[in-house]
Amino acid sequence: MTAHDPHIGAMTAAIDMPLLSVGGLTKTYGSGRGCANVSFDLWPGEVLGIVGESGSGKSTLLGCLAGHIRPDAGRVVYDLDGHARDTVSMAEPDRRRLSRTEWTFVHQNPRDGLRMGVSAGGNVGERLMAVGARNYGAIRETATDWLERVEIAADRIDDRPRAFSGGMQQRLQIARNLVTGPRLVFMDEPTGGLDVSVQARLLDLLRGLVRDMGLSVIIVTHDLAVVRLLADRLMVMKDGRVIEEGLTDQVLDDPQAAYTQLLVSSVLQV
Amino acid sequence: MIEIENLSKHFTLHNQGGAVIPVMAGAELQVSPGECVALTGQSGAGKSTLMRMIYGNYLSAGGTIRVNGTDITRATPREIIRLRREALGYVSQFLRVVPRVPTRAVVAEPLLALGTDTATAYARAEELLAMLNIPEPLWSLSPTTFSGGEQQRVNIARGFAHQYPAMLLDEPTASLDVNNREVVLTLIQKAKAQGAAIIGIFHDEAARARVCDREVDVTRFTPAQAA
C-alpha cells in the first residue's frame with residue numbers, strides 16, 4: 001500500500017552486512033575546520049546520533065556522508081541491494097539517483113527541504129513523480145495517507161507550507177522525505193528551532209516511523225535529550241574528530257573522555 | 001545464564017582534577033536459570049553500579065560479564081542492543097519515555113521491537129496494566145503525567161512484557177501498596193518458574209526473603225579506598 005513495502009523483502013534477504021561503512025573520511029577547510037579520519041559502520045535499522053558543539057565538524061561530516069560535500073579522503077560504502085558501492089567515487093548521476101531513491105535528507109529548516117510555493121500534497125506527490133509515479137489519483141491517495149501518518153489533517157492537503165506552523169512544516173518535510181521509502185535518512189538538527197512540546201511530538205513520530213519502516217538514521221544534533229530518546233549509538237565530535245563512541249545510554253551515563261564528561265554535566269536536569 | 005568474573009570498575013573525573021575513584025574490584029557472581037539473587041550492602045556500596053555494568057550502561061575496567069553467552073565487557077553496541085532486546089530485561093526505578101506516547105504503547109514497545117504483531121503486543125500490555133491496577137482510562141494517555149507509583153507500575157509492566165531469560169530488577173517493590181507489591185512478587189515468581197535468571201535490589205526485606213534464593217553482599221567487591 002505504501003511506498004516502503006518493496007524494501008521489506010530486500011531487508012530480510014540481505015546478509016549480515018552494514019548498510020553504510022565509512023572509513024577515513026576527511027574534509028579540511030582552509031580555516032582548519034572540517035572532519036578528520038572518521039570511520040564507522042551503520043547497520044540496517046540502527047539510529048546513530050552525532051553530537052558536538054558548533055564547529056565540531058558534525059555538519060561537515062553529515063554533508064560528506066550524504067554526498068553534499070566532496071571529502072578530501074576516505075570512503076562511504078553503501079550496500080545497494082547486496083552490492084557494496086563507494087558513493088564517494090561513484091559517478092555523479094548514480095549518486096544523485098541514490099539520494100533520490102535510497103537516501104533522504106531532513107534539513108533543520110523545513111524551508112530548505114520543502115517547496116514553499118507548492119501545496120502540501122504537491123510537496124509529497126512531487127517526490128513520488130520523481131521516482132516514476134504517474135497516476136494522479138494514486139499519487140494523491142498516497143500523499144493523503146502520508147499527511148495522515150505525520151498528523152497533518154487531510155483537509156490541509158491543498159494549503160501551502162507557509163500557512164503551517166513550524167512543527168507542521170517539519171512534519172511535512174518528513175512526509176516528503178519518507179514517501180518514496182528510503183532506507184537511510186540523514187537528519188540535521190531536525191528538532192532545532194521547535195518548541196519543546198512540538199519536539200516531543202516529532203520525536204514520537206520519528207521513532208514510530210524508524211521502527212515501522214526499518215529505517216537507518218544518522219542524526220546530527222547538539223541536543224543530548226534528543227539522542228537519548230532516538231539514537232541507539234552515539235558519536236561525540238570535537239575539533240573535527242570522533243573522541244568517543246558507544247551505546248547512547250552508556251556514553252551519556254558513563255562518559256570516558258573529558259570533553260564528553262563536560263558536555264553531559266553541563267546539561268540541566270529536568 | 002549470568003556469569004561475572006573478576007570484575008572491576010573505576011570512574012575518572014577529568015573535570016575534577018582527574019580524580020580516579022575505584023568503585024569495584026574482584027566481583028564474582030553466578031546466576032542460574034530460575035534463580036533470583038539479591039544484591040545487598042549499604043547505599044553506595046555499588047549495587048546499582050554492578051547492575052548498570054551488567055546491562056552495559058556502565059563500562060567495565062576489567063573482568064568479564066557473560067549474559068546468555070555474550071561477554072558484555074567486550075560486546076559491540078550492536079550486540080548489546082540485540083541482547084537487551086531479546087535476552088536481558090531491566091526494570092529501573094525511573095520511567096524514561098518519549099513524552100506523548102500512550103501508556104499502552106510504552107508497555108507494548110519491547111514486544112513490538114521483537115516483531116510481535118500489534119494486536120498480540122497490545123493485548124499483553126493491557127493484561128499487565130490491568131494486573132498492576134492501572135485504571136483503563138489511563139491506558140491511552142502518556143505516563144509522563146502519572147503519579148510516581150503509577151509510573152513505577154507502568155515501568156514494571158513494560159519490563160515484564162517480554163519473557164527475558166535474564167532480568168535485572170532495581171527496587172521493583174519500592175513505594176508500592178500492599179496489593180501491587182503482591183502482584184509484582186507474583187510476576188517475579190512466575191518469571192523464575194519460567195526459567196529467568198534474576199538479579200534484584202530489594203530494600204523490602206520480606207519481599208527479598210520471598211523471591212530470592214540467596215543474597216550477595218556487594219560490600220566485599222568494594223575496594224578499600226572507596227569504602
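**Exercise 1. Is A:D155 buried or exposed?**

Solution. This is a predicted model.

Step 1. Find the residue. A:D155 sits in the loop between α6 (136-149) and α7 (166-178) of chain A.

Step 2. Apply the cut-off. Exposed means over 50% relative accessible area. A:D155 has 63% relative accessibility, so it counts as exposed.

Step 3. A:L62 is 93 residues away from A:D155 along the chain, and their C-alpha atoms are separated by 36 Å.

**Exercise 2. Describe the surroundings of A:T221.**

Solution. 

Step 1. A:T221 belongs to strand β8 (residues 216-221) of chain A.

Step 2. Its relative accessible area is 1%, so A:T221 is buried.

Step 3. List the contacts, leaving aside neighbours within four places in sequence. A:T221 touches A:I50, A:V51, A:G52, A:K58, A:E189 and A:V227.

Step 4. Pick out the polar one named here. The side chains of A:T221 and A:E189 are joined by a polar contact of 3.2 Å.

**Exercise 3. Check the length of helix α4 (residues 118-131) of chain B, then find where its buried residues point.**

Solution. 

Step 1. Work out the expected span. The helix has 14 residues, and at 1.5 Å a residue it should span 20 Å. The count to multiply is one less than the number of residues.

Step 2. Compare. The end C-alpha atoms of α4(B) are 20 Å apart, which agrees.

Step 3. Name the buried residues. They are B:A121, B:A125, B:L128 and B:L129.

Step 4. Look down the axis. The buried residues of α4(B) fall within an arc of 100 degrees, so they line one face of the helix.

Step 5. Name the partners. These buried residues pack against α3 (103-113), α5 (148-159) and α6 (178-193) of chain B.

Step 6. Look just past the helix. There B:N133 takes a positive phi of about 60 degrees.

**Exercise 4. How many of the 13 residues of α7(A) are buried?**

Solution. 

Step 1. Check the geometry. α7(A) reaches 18 Å from its first C-alpha to its last, close to the 18 Å expected at 1.5 Å a residue.

Step 2. Count. Twelve of the 13 residues are buried, and the helix is mostly covered. Among them are A:G167, A:M168, A:L172 and A:L178. The buried set also includes charged residues, A:R171 and A:R176.

Step 3. Find what covers the helix. The buried residues of α7(A) pack against β6 (103-106), α4 (110-113), α5 (120-130), α6, β7 (184-188) and α8 of chain A.

**Exercise 5. Which elements give two or more residues to the side of chain A that touches chain B?**

Solution. 

Step 1. Count the contacts. 25 residues of chain A are in contact with 25 residues of chain B.

Step 2. Take the area. The two chains bury about 2,200 Å² between them, 53% of it on carbon and sulfur atoms. A:R211, A:L247 and A:D254 supply 24% of the area that chain A buries against chain B, more than any other three residues.

Step 3. Take the polar pairs. Six salt bridges cross the interface. One of them joins the side chains of B:K9 and A:D254 at 2.4 Å, N to O. Twelve residue pairs are in polar contact between chain A and chain B.

Step 4. Name the elements. They are α8 (196-213), α9 (224-230), β10 (241-247), α10 (248-253) and α11 (258-265) of chain A. α8(A) gives the most, with six residues.

Conventions. Residues are numbered from 1 along each chain as its sequence is written. Chains are lettered from A and ligands numbered from 1 in the order in which they are written. This is a predicted model: local features need pLDDT of at least 70, side-chain atom pairs count only at pLDDT 80 or more; totals for chains, interfaces and linings use all residues. Side-chain values use heavy atoms; hydrogens and water are left out. Helices (H or I, at least four residues) and strands (E, at least two) are DSSP runs, numbered from the N terminus. Buried means under 20% relative accessible area, exposed over 50%, partly exposed in between (1.4 Å probe, protein chains only). The arc is that of the directions from the helix axis to the C-beta atoms. Contact means heavy atoms within 4.5 Å. Buried area is the accessible area (1.4 Å probe) that two parts lose on being put together, summed over both. A salt bridge is a side-chain nitrogen of Lys or Arg within 4 Å of a carboxyl oxygen of Asp or Glu. A polar contact is a pair of N or O atoms within 3.5 Å; within protein, one must be able to donate a hydrogen and the other to accept it, and residues adjacent in sequence count only if both atoms are side-chain atoms.
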